[in-house]
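Here is a quick tour of a structure for someone who likes cut-offs spelled out. Have the viewer open and follow along.

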Amino acid sequence: MKKNFLTGVGLIVLLNFIIKPVWVLGIERTVQNVVGASEFGFYFIIFSFSLIFNIILDFGLTNFNQRTISQHPQLLPKFLSGILSLKILLSLGYALILLLVALILRYDGREFHFLLVLGVNQILASYVLYMRSNITGMLLFKTDSVMSILDKLLMIIFCTLLLYGGFIRQPFKIEWFAYSQTASYLITAIIASIVVFGKTKRIKLTWNRALLLSLVKKTFPYALLSLLMSFYYRIDPMLMKEILPENIGVHEAGVYAMGYRLLDVLSSFSYLMSFFLLPLFARYIQLKQNLKDVITLAFSILITASVIAASACSFYAKELMDLMYLDNTVESTRVFQILIWGFVPISTSYVFGTLLTANGNLKSLNIIALVGITVNLLVNFLLIPRMMAVGSAFASLTTQLATVIVQLFVVRHIFKMNVGWNITIRLLSFIVGAVLICYGSKLLPLNPFVNFGIAITTSLLWAFLLKIITPTYVLRMWKEGE
């Protein structure tokens, strides 16, 4: 299992390292520059709104299914039939609630139309994620690595044609960006279905009331957790729109989206790794195997990557924002310098939060998420009127730090994990050293992006020197894996 995990992680990092920069720098950045901060802010607000109610679509089915299938693969045909039926009902409920809330908020015609398109996108994305949970539940990590980038690859193709194809004379519209997402998710959903259905016999939708109620009851804790987490992950731009005057709120949401973009991309790498970790942890727990090695490996990889990325991006925030955007780069730089440090607690949470999920500690995770929402709302209402997007960035960082600290205490209590002083000192030395290395690289008389590369490379060597992560350790895990 360890070998399969490492192969999957290696492949997913490679594929995403190829696709994500093209997506962010070549497509998303261009779209945001072409349509402007306010227009992209309009998209970002409605997109965040559609995500908050995404839990109605999933209702915790993805995490529950991934954990269950990894422990009991023989249940795939039965669960597939029942869950697909339930997802149809949930999709109808999601669409209805989304439209009702939009009416309550008095959305105008354009907002209503845009919400409808993004709602369809969320339905398709949720279906793809559920299908991928079956793929990873069967520990088909290499297959899922390809599925993880397929929708973005298709989006790159579609948006490239619209932006650079030359056969459309009209200026690019943000609506076209949303329509491209629809097409990409639809094709990805079809391919994912072919993969999963190929591993099962004949599938028949089951409208068994007892089975559906049983699934709802079992997945409710997962659903509640996803709902609470989506609030403190995605509510920031909506709060800016409500707290600040309308035009200012939309503009500040656009600036926040500019600063948030790279964090979102980097966090997706950690999320994809957690998508592998959940079935792996669940299988280890079911077989009562020692989790120490795989937890250490996952945490070492993510803490090394997140600290180096956060340090380097923070010191080179201006250069990165100038590279990505044409307007509002000063404001987005300040936002990004704060937000990017959230990558460290987010990555840490993707290890230990996933461990708690695999162990079934949903009550603890829901309490932690409630703490996160409380912190997020308090800091946002305090800082947004004074500091606008920058204040919301501080709220996001504070929330991530608060939730991960509580998670670590809970993990330590449940799994009786004690962190020795040796590891603590090495971790602190690594973090301080990475910050100093990145600061020192700014003083070099070279091109800023050459200095950026030197900062990352030197910080990685520093991690190897401190033995935070070593090639020999990874190789040993590879040889031990089966």
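This is a predicted model: local features need pLDDT of at least 70, side-chain atom pairs count only at pLDDT 80 or more; totals for chains, interfaces and linings use all residues.

## Ground rules

Residues are numbered from 1 along each chain as its sequence is written, and side-chain values use heavy atoms, with hydrogens and water left out.

## The chain as a whole

The chain has 20 helices and zero strands. Both are DSSP runs numbered from the N terminus: H or I over at least four residues for helices, E over at least two for strands. Of its 482 residues, 56% count as buried. Here buried means under 20% relative accessible area, exposed means over 50%, and partly exposed is in between, with a 1.4 Å probe and protein chains only.

The accessible surface comes to about 21,200 Å², and carbon and sulfur atoms own 69% of that. The areas are Shrake-Rupley values with a 1.4 Å probe; for residues, only the protein chains shown count as cover. As for contacts (heavy atoms within 4.5 Å), take those in the chain with a separation of 6 or more: 86% of them join residues 24 or more positions apart.

## Aromatic rings

How many aromatic pairs does the structure hold? There are nine aromatic pairs. Rings of Phe, Tyr and Trp (its six-membered ring) pair if their centres lie within 6.5 Å; planes under 30 degrees apart are stacked, over 60 edge-to-face, and the rest tilted. One of the pairs is F299 with F352, a tilted one at 5.5 Å centre to centre with 55° between the planes. F299 sits in α12 (residues 292–315) and F352 in α15 (residues 343–358), so this pair ties together parts that are 53 residues apart in sequence. Both F299 and F352 are buried.

Elsewhere, F42, Y43, F47, F114 and F177 make up one aromatic cluster. There is also a charge over a ring: K442 lies over the face of Y316, at 4.7 Å from the ring centre. The test for that is NZ of Lys or CZ of Arg within 6 Å of the ring centre and within 35 degrees of the ring normal.

α15 is mostly covered, with 16 of its 16 residues buried. Those 16 residues should span 22 Å at 1.5 Å a residue, and the end C-alpha atoms are 22 Å apart, which agrees. The expected span is 1.5 Å times one less than the number of residues. α15 also bends by about 30° at Y350, where the bend is the angle between axes fitted to the seven residues ending there and the seven starting there. After α15 comes G360, with a positive phi near 80°.

α16 has 26 residues, which should span 38 Å at 1.5 Å a residue; its end C-alpha atoms are 35 Å apart, which agrees. α16 bends by about 30° at N380. L378 is found in this helix, α16, and counts as exposed at 60% relative accessibility.

Most residues other than glycine have a negative phi. M388 has a positive phi, near 55°, and is placed in the loop between α16 (362–387) and α17 (389–415). At 30% relative accessibility, M388 is partly exposed.

K467 isn't a glycine either, yet its phi is positive at about 60°. K467 is found in the loop between α19 (448–465) and α20 (471–480) and is exposed, at 60% relative accessibility.

## Leaving aside residues up to four places away in sequence, Q122 touches F47, S50, L51, N54, L57 and Y94.

S311 has its place in helix α12 and is buried at 0% relative accessibility. Not counting residues up to four places away in sequence, S311 touches W341, A434, V435 and C438. The C-alpha atoms of S311 and G433 are separated by 9.9 Å, although these residues are 122 apart along the chain.
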